[in-house]
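Q: I have a model open and would like to go through parts of it with you. Could we begin with the helices?

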Amino acid sequence: MNLTVKQIAEFCNGKVIGDSKKKVTSIVIDSRKAGENSMFVAIKGERVDGHKFVEATFEQGAVCALVEQKPEIEGTYIVVESTLQAIKDIAEGYRKTLKAKVIGITGSVGKTSTKEMVASILEQKYKVTKTLGNFNNEIGLPLTVFRVQEDDDIAILEMGISDFGEMSRLTKIARPDICMITNIGQCHLENLGDRDGVLKAKSEIFECMQEKAAIILNGEDDKLSTIKEVKGVFPKFFGREENGDNYACAKNIVDKGMDGTEVTLCFSDGETIDVHIPIAGGHMVSNALAGAIAGKMLGLNAEEIKAGIESYQSIAGRNNTIKTEHFTILDDCYNANPMSMKAAVDIIAKSKGRKVAILGDMFELGEEELQ
């Protein structure tokens, strides 16, 4: 980042106390991460009030603090009514200054693995910034936007929600050039009711997409396949099975268990790409198709797309294969819902040798939880 305190204050309608010309190069909410030329956002949590750590952040090199009331400490401040709202307003303003194309990815299952696949492909040609960890909510997404640099070509933003209205607020910040939805599953039913509610909530991603945005959807999902046109945009669908609506499908699928999958990716323009997906699971074929469509949209050739898919690496807790001297472990422990659990069990079922599944609880499933 390269913003002045004055510019940041204008984004969030804040009042500047101190030197408005100071330059801010990063924004943090964790006081321990405050460094040279950073701005610390003081958030009042349930247990801890960030205003107590303002002085420490100044000592670590922070040049400004975003606060709801000015502490009794000399320094430069931006005072706002709500720092939680301000951080979203600042991210929205900063996003508008960026030249990077933004890809917004949501869905009930597979957001992270799809995001990693898309990044692996696009990194073959472009400078990419992507969501790290689970920074995909109303605090995490702004912090991800702040990491996008002026010379980045692509920003891949994972967007997670649990209730109606959240996606509206996220897409207002992200303003995607490409909207991608992986599927509509049985997640957060406690708030969203049923899969129709999930579809409605996820579809809020289209509200603030760019005027000439593209849409990529899973054509195998019975809910997503009903979306035929949004604001004059006709989605491109992907699916493992060939049908008339799919822009991309898969043929010659050879499941090699824990060693991944060999497959031919086929596109409606006649192009085909033979690839080896190095990570186990049939759902990775769908991720590769989605990433390949994004790659083709952004000008990558077949060789670059193939290289990106074949260099894909899983991350801890997300369909991550760990090989030890005596065991092969599928680490998929980050979170769980019926769809992701089934995908993990399917991988184990197709594996050789003795198999053990260690399963945890699933939450927020609403009235249908026991079914």
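Q: What is the handedness of the crossing where helix 4 passes helix 9?
A: Helix 4 passes helix 9 in a right-handed crossing; a crossing is right-handed if the near helix is turned clockwise from the far one by less than a right angle, and left-handed if anticlockwise. Helices here are DSSP runs of H or I with at least four residues, strands are runs of E with at least two, and both are numbered from the N terminus. This is a predicted model, in which local features need pLDDT of at least 70 and side-chain atom pairs count only at pLDDT 80 or more, while totals for chains, interfaces and linings use all residues. Residues are numbered from 1 along each chain as its sequence is written, and side-chain values use heavy atoms, with hydrogens and water left out.

Q: At what angle do the axes of helix 4 and helix 9 cross?
A: The axes of helix 4 (residues 111–122) and helix 9 (residues 283–297) cross at roughly 45 degrees and come within 9 Å. Axes are lines fitted to C-alpha atoms, for helices over the stretch in contact, and angles run from 0 to 180 degrees between N-to-C directions. The two helices are therefore oblique to each other, since angles under 35 degrees count as roughly parallel, over 145 as roughly antiparallel, 65 to 115 as roughly perpendicular and the rest as oblique.

Q: Turning to the open sheet, what is the strand order?
A: The order of its nine strands is 9-10-8-11-12-13-14-15-16, with mixed pairing. Two strands pair if DSSP finds at least two bridges between them. Strand 9 (128–130) and strand 16 (272–277) are the edge strands, each pairing on one side only.

Q: How many bridges join strand 15 to strand 16?
A: Six bridges join them, and the two strands run antiparallel. Thr264 has Asp274 in strand 16 as its bridge partner.

Q: Is Thr131 buried or exposed?
A: Thr131 counts as buried, because its relative accessibility is 1%; buried means under 20% relative accessible area, exposed over 50% and partly exposed in between (1.4 Å probe, protein chains only). Thr131 lies in the loop between strand 9 and helix 5 (140–147).

Q: What does the side chain of Thr131 reach?
A: The Thr131 side chain reaches the backbone nitrogen of Glu158 at 2.9 Å.

Technical notes:
Polar contact = N/O pair within 3.5 Å; in protein donor to acceptor, adjacent residues only side chain to side chain.
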